[in-house]
4 protein chains.
Amino acid sequence: MTNTQLTHVQIDNYGPWTVTPEPRREVDLQTLQSRLYADLSQLFGNRGGYVFFTRFDNMIAVSNGLTIEDHAMIQESVGNRYPVTMSLSVATGTTPAAALETATEQLQEAGSAQDKSRREVLEGRHIDTEFRTDEDVQIAHFDVVDATGKYTDKLSEFDTFIQIEQGYAALMKYMREAHEGLSFFVGGDNVIAVCPDMDAADYQDVVEHVHDDVGVELQVGVGRGSLAEEAGMAAKHALESSRANGTDVEVDF
Amino acid sequence: MTNTQLTHVQIDNYGPWTVTPEPRREVDLQTLQSRLYADLSQLFGNRGGYVFFTRFDNMIAVSNGLTIEDHAMIQESVGNRYPVTMSLSVATGTTPAAALETATEQLQEAGSAQDKSRREVLEGRHIDTEFRTDEDVQIAHFDVVDATGKYTDKLSEFDTFIQIEQGYAALMKYMREAHEGLSFFVGGDNVIAVCPDMDAADYQDVVEHVHDDVGVELQVGVGRGSLAEEAGMAAKHALESSRANGTDVEVDF
Amino acid sequence: MTNTQLTHVQIDNYGPWTVTPEPRREVDLQTLQSRLYADLSQLFGNRGGYVFFTRFDNMIAVSNGLTIEDHAMIQESVGNRYPVTMSLSVATGTTPAAALETATEQLQEAGSAQDKSRREVLEGRHIDTEFRTDEDVQIAHFDVVDATGKYTDKLSEFDTFIQIEQGYAALMKYMREAHEGLSFFVGGDNVIAVCPDMDAADYQDVVEHVHDDVGVELQVGVGRGSLAEEAGMAAKHALESSRANGTDVEVDF
Amino acid sequence: MTNTQLTHVQIDNYGPWTVTPEPRREVDLQTLQSRLYADLSQLFGNRGGYVFFTRFDNMIAVSNGLTIEDHAMIQESVGNRYPVTMSLSVATGTTPAAALETATEQLQEAGSAQDKSRREVLEGRHIDTEFRTDEDVQIAHFDVVDATGKYTDKLSEFDTFIQIEQGYAALMKYMREAHEGLSFFVGGDNVIAVCPDMDAADYQDVVEHVHDDVGVELQVGVGRGSLAEEAGMAAKHALESSRANGTDVEVDF
């Protein structure tokens, strides 16, 4: 059984801020968003967590191992260094999708994403130490088979990107609907998914579904751990095996 | 007639680097990638250009107004501050898609994205000052009608993201295939497209296509200029009009 | 009794790198150095430590509460994201000056700062949990009495800076020689000192010495804790009392 | 004749902000300050300017080649991305010290550094293109003869730092008083000075004064240009000659 702890990160009232008093320079918004993401990657990451940029104004973190106090420190540190603040909501559930649903609901109950007076909400609970196990987090690391040879070195970069993007769109939808897993594009031809308790056959099914749906050929390595970092690193090593062995799926447990 | 100057940015031999001698910590890769993107946003942006993160290891910039010398300085500055280097290829064309095709081809001819010895390639030519006009760049700024009310404040963040992502996947594919324009997700519910000479009816067609295809309702503001920044800022103001007037398309020219 | 754990951070072979194959652009070196310092501030800081920029290519951290494993992670993370690597050496001692002396010696024994083959050394030991106490770290936060009214709003910025700088030069020398404390300029008119077990009379003596020596009037707040962050925050609050009460020295223990 | 254009950068009302409503975490302040400096290094630097961190809340830039419009863009970009704003004041003068005096006075006339309502002041004028020459900026790059052998590899890092710091304190004071030049510590054992029209004998005098005063042995390379970057790069190359030739002073003009 997995027991994923997810954190929904939401910049407070961000949309209105970006156009007040007038639309702000796009390059500054892009810089702000990507640096905030980089900072959260370090702040969560150096405690063993993972953050995904998702929509940048809303991000999703796998936060097993981080306490509410850790979240409060991260929230304060961002508030000290950015012109915007952020709200955080933490939850667990029987699947990653269920955990996130709770996390988002807690935030929605506290007010709208564009509520002027809702600032720096911190909701939810972390998993108590006594309930944590080495199987809490399952992470799958997907990439595209020979993306460089088939796409990057052959097509225009945008046409390569279309292939990767259509593959991702198919994968993220199917993983969510068929398995309650959450999949995130992380650059290049890589997708990292936070999964419930899935086995090799389940992943084989996912790889085949994406191939049938949009013609993109994936391979995947899967790992487990008490923290995202452990599970994710095991998944990376499993993916290396998958590349070396020419297999579709390698599961490290 | 538009005359978009595009730059294909490619980190040299990045994939192999990320797993040598062993897979590197994912949070460090995410930090590296997003900070590099933030830096390029400033370096191109403070000369009037726009950069899009695309796949992070490959990025696309609208570089009208930047010379090859500017590109060389950007390349050197990144080489001085990152553990990786990047190659740059600059081109123009009758449409954004055609310009990028040329840019990518120039890079492919210089060697593979995973060629160990191809480093800091700088290919192509900028548009000479005498040939630049106020209509060189056309930018469209799309967002989703009432995304906060319909999605962010109602669904789980991942389910909201699925809506935005499916909308983007449909839009980027159709814009590319029907109009030779290049569309980039830039966070929240926003997509910025670099377009050929399209008129209001063309944009209306795009908005309707996406709605018919995946049920996501878009609105769009369009602007023009000699630089991405001017065209993009005009597009933002046009989008504000679109929001205020409840129209699908507002074109500022 | 204090028991300060200090870490000497040294960029490996940095001087030669800055001029190889030719001198690198100064603005890039400045950017690299200050961002590395910012990153270390977060990496040490989010575990309760403090880092001081000192000479930027050599930095000094108060690392009570950080284990050798934490140091290894910080070293790896920097190695993943910068074009340079760094060596770390950890030590304790009866005074901050003695601790640092040991830390530096450990590094010197491993090779020269400009040794081409000495890379990512990690030397020393952290304090075992059982030996840690609430009085391990003593921090003093100095600032200049009415610096804005006396200097910033009256003199040219460089002449203000001369006053602050001469005050700092006198303070850091005297603290080192008379008390074995290490004092670091941290911006504005602020100096943070890592101190051995000093009492209010000792600080009064320091304030008077600096005034007599260079005519700069200081005030100081002093705090204690098991971590730099706790001691430093207590010192900040004590300094606020000093400002409110018009006293030279406020000690929070 | 030099014609240095200097910009005084001042964070608006920064001191009070750092303690409102309570003292903010020191590591966040350090991160904010050093990242702001890094950003300004890039923003000024990529137009050929140099910025020095000075006191971090007050910085000094050599801004020859940057217009008031460039300054306005830099000011806006920082305002979009930081929780603080900054005021800028630009001036020229017969010496660097005189130029800065004017720049600071313009700022002081607009209000106190701790004035709550003085925000984003932009004062002064840039040098018109027709009056710019290749001798406008003279930069001297000093370092300590064999600092690694004499200090870094021998003394504790703080004792090395005392030597460098005392050398810098003597140099910056003498350069200001005897020659109206402004000298800035830039890390390691390096000091960069913005100078009026000084010749080799003047620099020889400075080197000897510092040696007599505090016993620190310096060498210096000097360059000239229309921009700080050109003058500074020429100075770096001259300093390389000084190292190679074992001379105290090398002047590249």
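## Domains of chain A

Chain A is divided into domain 1 (4-131) and domain 2 (137-251), with bounds that come from an automatic or database domain assignment. This is a predicted model, in which local features need pLDDT of at least 70 and side-chain atom pairs count only at pLDDT 80 or more, while totals for chains, interfaces and linings use all residues. Residues are numbered from 1 along each chain as its sequence is written, chains are lettered from A in the order in which they are written, and side-chain values use heavy atoms, with hydrogens and water left out.

## Contact between the two domains

The centres of domain 1 of chain A and domain 2 of chain A, taken over C-alpha atoms, are separated by 25 Å. Their contact (heavy atoms within 4.5 Å) takes 20 residues from domain 1 and 19 residues from domain 2. Between them the two domains bury about 1,500 Å², 76% of it on carbon and sulfur atoms; buried area is the accessible area (1.4 Å probe) that two parts lose on being put together, summed over both. In domain 1 of chain A, Y50(A), F52(A) and P96(A) lose the most area to domain 2, together 37% of what that side buries.

Across this interface of domain 1 and domain 2 of chain A there are zero salt bridges, a salt bridge being a side-chain nitrogen of Lys or Arg within 4 Å of a carboxyl oxygen of Asp or Glu.

## Contact between the chains

The area buried between chain B and chain A is about 6,200 Å², of which carbon and sulfur atoms give 58%. R55(B), E157(B) and F158(B) supply 13% of the area that chain B buries against chain A, more than any other three residues. Because 100% of the interface residues of chain B are also interface residues in chain A, the copies meet through the same surface.

Across the interface of chain B and chain A there are 10 salt bridges. The side chains of E229(A) and R25(B) meet in a salt bridge, at 3.1 Å from N to O.
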